[in-house]
Each structure stands twice: as C-alpha cells, then as structure tokens.
Amino acid sequence: MAFFRNTGSSCPTHYTEWAGTPHAPFSAGPLRIPTMRPPPECRSFTSAAVEKELSRISAQITDPDIRQLFINIMPNTLDTAIAWHYAGGTKDKLDYPYTFVITGDINAQWTRDSTNQLLPLLPYAAADASLNTLIAGLVNMQAEQIAAYPFANAYKPPARSGLVPGENGWAKGDTVHPPFDLRTVFEAKFEIDSLAAFFKLSTAFWRQQQQQQDTDSLLDMGVWRRAVTIAVELLVQLQAPTFDSEQRLTDATVRFVRTANTPTESSFGGGRGNPIRRTGMVRTLFRPSDDSVIFPFLVPANAMLAVELRALADILDKTGDTTIASRSRRLAEDITHGIYEFGTAEHPKYGHVFAYEVDGYGSRLLMDDANVPSLLALPYLGFVNATDPIYQNTRRMLLSPDNPWYFSNGTSGLLNGIGSPHTGFRKVWPMSVAIQALTSNDQQEIVEAVRVLAASTAGLGLMHESVDIDSANGNSFTRPWFAWCNGVVSELITRVVSEYPGLL
C-alpha cells in the first residue's frame with residue numbers, strides 16, 4: 001500500500017488506484033497528459049527545494065505534454081513512496097534519521113530501487129535540510145538492513161516504524177542459505193548490484209556532506225562501517241571458484257532455491273548457480289531484474305561494483321578505515337581486470353564487445369536486459385566513456401535484433417528498445433529507452449526518446465515497467481506505479497533541459 005500524510009476522504013487509499021485513472025487538468029498537447037500528482041495534503045513527503053526546481057525546469061519545457069509528464073514523474077517518489085521517515089532526535093531513543101522507501105506498487109524496500117529513487121534528488125538536498133535528512137535516513141536504513149543480512153534484495157519495514165509489512169507469498173517456501181528472518185526480509189535473492197547501490201548512495205551522500213563541511217552528523221557511522229565491512233568481505237568470498245584445485249566443491253557462501261514454474265525464479269546447481277572459475281569478478285545468483293543468472297559473472301553488475309568500490313575506498317581513506325579501503329580498491333582492480341580478460345567477446349558482426357554474463361570457462365551470453373546495471377548503461381554507471389570503442393560496438397549490437405531482448409515493431413516514433421525475460425517477449429521497458437538517451441550525445445536520438453516515452457503512458461502520464469509494443473499508445477503495460485522508472489525518465493528530461501536548452 002501507499003502511505004499518505006492525510007488519511008481523509010480526499011486522499012486515495014492506495015496510489016495504484018490513483019495511478020490507474022487519468023486526472024484533470026490535462027495538458028494542451030495532442031497526448032493530453034493528465035495531472036497525476038496526489039493532492040498536496042496526501043503526499044508522503046514534500047521538499048521546498050524540489051518544488052522550486054520542478055517549477056524552474058518545467059518552465060523551460062515548451063512542449064505541453066512533456067512538461068506535464070515531467071511535473072508528474074520528477075517528484076513521484078517523494079509524493080508517494082516515502083513509507084516511513086524518522087527525522088532523528090530522542091523519540092524512541094533513536095539518534096539518527098531513518099527512511100523506508102517503497103518501490104511503488106510493491107510494499108517493500110529494494111536496495112537498488114530506493115537508491116535510484118532518491119539519488120537524482122540529492123543535488124537539491126544542499127538547499128533543503130529536510131530532504132538532506134531524508135536521504136541520510138535511507139543511507140542509515142540500508143546500512144542497518146545490510147549489516148543484519150547482506151544477502152537480500154528487498155526488505156520489510158522495521159518494527160519500530162509501526163508499518164504493516166508487505167507479504168511475499170513465495171518467500172515462505174524459499175530454501176536459502178544463509179537463512180533469513182521473514183520478519184525483516186521481503187525477498188532473499190542475492191544480487192551484487194544491491195550492494196553496489198548501497199555503496200553508491202553512501203558515497204554520493206558523503207561527498208555532498210563534505211561540501212557542506214558536515215560529514216557524518218546524520219549517519220550512524222558504527223552501523224555503516226559494519227555494513228560496509230560485511231559487504232566487502234562477502235564480495236571477496238564470492239570471487240572463489242566453484243571447485244578447488246582438486247575438483248572439490250568450495251563453500252557456496254549463498255544458495256537460493258524456490259519451487260516455481262518459472263525457471264528464472266530459482267538458481268541452478270542446488271541453489272548455488274552454474275559453475276565458475278576464478279576471474280577476479282564476483283559471482284551473483286540474480287540479475288537486477290530479480291531473474292536468475294545463466295552464467296554467474298554478471299558483467300554490468302561487476303562493472304558497477306568496480307566503479308563504486310573505488311569511490312568507497314576514497315571515502316574510507318578519509319574516515320581512517322584504511323584496511324577495508326585497501327581491500328575495496330584491490331577488489332575493484334580484480335573485477336576490472338576480470339571484465340576485460342574474461343567478460344568480452346569477438347562478435348562476427350560487431351567486433352570486440354562486452355558480454356552480459358560469463359563463467360570463466362569460456363561461456364559467454366551476448367544480450368542485454370533493460371534493468372540497470374546493464375551493458376547499455378555502462379557510461380551512465382561510470383565504467384567507460386560513451387565513446388569507448390568496445391562500448392560503441394556493444395551498443396550497436398544491443399540496439400538491434402542481434403540482441404534477443406531488443407524489440408521493435410518497425411515503426412519510427414513508437415517505443416522500440418530493450419526488454420527483459422522478467423516481462424516476456426515484445427515488451428519494451430521505458431527505462432531502457434531513457435538509458436539509451438542518457439548514454440547518447442545525438443540530439444535527434446535524445447529528443448526522439450523523450451517523445452516516444454511521453455507517448456507510451458497509455459494516457460496515464462506515468463512511466464510503467466514494460467510496454468507491449470504491439471499495443472496502441474502503450475495501453476498494455478505492467479506496473480502502473482513504478483517509481484524507479486519515473487525517476488530515471490525525469491533525470492533524462494532534466495539533463496536535456498540543462499544541456500540542450502530549447503530542445504523540448
């Protein structure tokens with residue numbers, strides 16, 4: 001459920017209901033984009049700085065449909081997804097802020113999603129103490145969760161929040177090692193990008209606090225250090241091969257088995273994943289789509305880890321945690337070396353490209369998934385420059401039918417892009433179209449992406465998880481309320497307004 005400040009009759013009881021119905025007034029353009037923000041008294045959090053920036057940016061957008069879309073999606077997480085926020089103080093003997101951010105229509109906090117939901121708003125936090133505290137609260141919440149159980153992809157709200165936790169009917173039957181607590185963990189699919197997302201939010205927030213000369217007054221540094229240490233040590237363990245030099249099984253570290261009729265819901269090899277050889281990379285069981293990997297070295301997730309581990313090491317040097325800083329930096333170097341030695345392939349059509357998944361034995365999977373981290377997003381993640389030759393070769397492969405998860409109906413002006421096994425065939429994720437534009441310097445490609453995204457909302461004025469490209473105006477879609485994608489597309493529009501004034 002969504003949690004609103006005011007539970008009066010004027011407020012929707014569930015934002016999914018609100019998101020499924022267009023609300024007046026409508027934009028003056030041909031798309032007639034509705035007004036989809038809940039009433040001010042119903043919003044889960046309000047930031048004066050974000051409202052000011054929303055007004056400033058939207059005033060520079062001349063296209064009425066794109067302007068209304070931006071107004072709907074830029075504050076969507078603040079409007080609807082701040083399920084619980086404690087600003088700190090003495091209440092309940094909590095000294096630090098805590099924030100629980102739901103992903104949208106699923107009542108749980110994904111580490112990856114919550115980072116991506118609030119990170120685009122971090123630049124505005126310097127001008128808004130309450131927003132700064134909100135983001136600090138998410139850092140503390142993630143640290144607390146990871147310190148207690150680092151193997152999960154999604155968590156339930158803490159008991160002290162007073163929230164009724166969401167229930168995952170699958171989780172009760174999952175066989176997981178190490179075991180998890182159903183009271184605190186929503187789902188225990190191990191995804192290395194979740195830990196990378198925690199590092200990313202932490203280091204970005206830390207840098208901003210340094211600029212304000214207030215580095216740690218809002219962060220519980222004891223818990224944060226413990227979470228970071230646990231995460232880094234776990235990642236080091238997951239570099240180990242499946243078999244030792246005498247072909248005996250090594251410690252699995254993490255296993256996940258689910259009884260389901262969809263093979264992507266469980267892991268191969270009794271839950272430990274397909275065999276790997278040591279490459280320097282870190283193995284994972286699941287992708288950022290929450291689908292199981294085929295080959296355990298997921299290259300884009302490892303690329304993200306390498307970037308964020310280096311950033312983390314720089315912060316740890318400043319906090320005096322030099323031992324774990326050195327370990328993080330060495331792990332980043334191992335991963336980077338492993339990607340270039342084992343995570344690329346020679347494609348007969350495109351030349352030297354990055355693979356999506358590998359195993360160290362020579363097996364390579366050439367594809368991409370819309371969920372970030374993805375191969376398409378490598379420049380967005382900071383792993384390579386967008387002009388990098390290997391990336392450019394990879395990009396051409398990914399944005400073509402030679403990527404089995406790229407879908408096109410052959411019509412320009414409509415949604416064509418990368419989908420995911422998570423949602424099935426011929427369903428494009430708007431997130432992938434936004435990432436395509438965010439990693440491009442081609443003005444025509446960028447503005448075309450924004451326009452097709454605006455036209456893909458089924459008249460509802462919000463971004464969806466996936467859109468059936470054979471449906472008119474995106475009328476067949478999944479997830480009416482997907483806050484992460486709303487944030488990514490608003491990030492794209494913000495960039496376009498900043499870098500290409502007058503283009504929209």
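**Figure 1. Cysteine 485 in the predicted model.** In this predicted model, cysteine 485 has a relative accessibility of 0%. Buried means under 20% relative accessible area, so cysteine 485 counts as buried.

**Figure 2. The disulfide between cysteine 11 and cysteine 42.** A disulfide is a covalent bond between the sulfur atoms of two cysteines. The count for this protein comes to 1 disulfide. Its partners are cysteine 11 and cysteine 42, with sulfur atoms 2.0 Å apart. The pair links distant parts of the chain, 31 residues apart: cysteine 11 is in the segment before helix 1, and cysteine 42 is in the loop between helix 1 and helix 2. The torsion about the S-S bond is about -90 degrees, so the disulfide is left-handed. Cysteine 11 and cysteine 42 are both buried.

Figure 3. The bond that joins alanine 24 to proline 25 is cis, and its omega is near 0 degrees. Proline 25 belongs to the loop that runs between helix 1 (15–19) and helix 2 (48–58). Cysteine 42 is also placed in the loop between helix 1 and helix 2.

**Figure 4. Glutamine 247, a residue with positive phi.** Phi of glutamine 247 is near 65 degrees, a positive value in a residue other than glycine. The residue is in the loop between helix 8 (221–237) and strand 7 (255–257). Exposed means over 50% relative accessible area; glutamine 247 has 58%, so it is exposed.

**Figure 5. Arginine 426, a residue with positive phi.** Arginine 426 has phi near 60 degrees, again a positive value in a residue other than glycine. Its loop lies between strand 14 (417–418) and strand 15 (427–428). With a relative accessibility of 31%, arginine 426 counts as partly exposed.

**Figure 6. The protein as a setting for the close-ups.** The secondary structure comes to 15 helices and 17 strands. The radius of gyration is 22 Å, close to the 23 Å that the globule rule gives for 504 residues, so the protein is as compact as a globular protein of that length. Its C-alpha atoms fill a box of roughly 70 × 60 × 45 Å along the principal axes. Of the 504 residues, 62% count as buried. The accessible surface is about 18,700 Å², and carbon and sulfur atoms hold 52% of that. Among contacts with a separation of 6 or more, 66% join residues 24 or more positions apart.

**Figure 7. Confidence and residues 1–5.** The mean pLDDT of the protein is 93, and 96% of its residues reach 70 or more. Over residues 1–5, the pLDDT is below 50. Beyond near neighbours in sequence, this stretch has 29 contacts in the model.

Definitions and conventions
Residues numbered from 1 in each chain as written. Predicted model: local features only at pLDDT ≥ 70, side-chain atom pairs only at ≥ 80, totals over all residues. Heavy atoms only, no water. Helix = DSSP H or I, 4+ residues; strand = E, 2+ residues; numbered from the N terminus. Buried < 20%, exposed > 50% of the residue type's maximum accessible area, 1.4 Å probe, protein only. pLDDT = per-residue confidence, 0-100. Contact = heavy atoms within 4.5 Å. Disulfide = S-S within 2.5 Å. Rg over C-alpha atoms; globule rule 2.2 N^0.38 Å. Areas by Shrake-Rupley, 256 points an atom, 1.4 Å probe, with all protein chains shown as cover.
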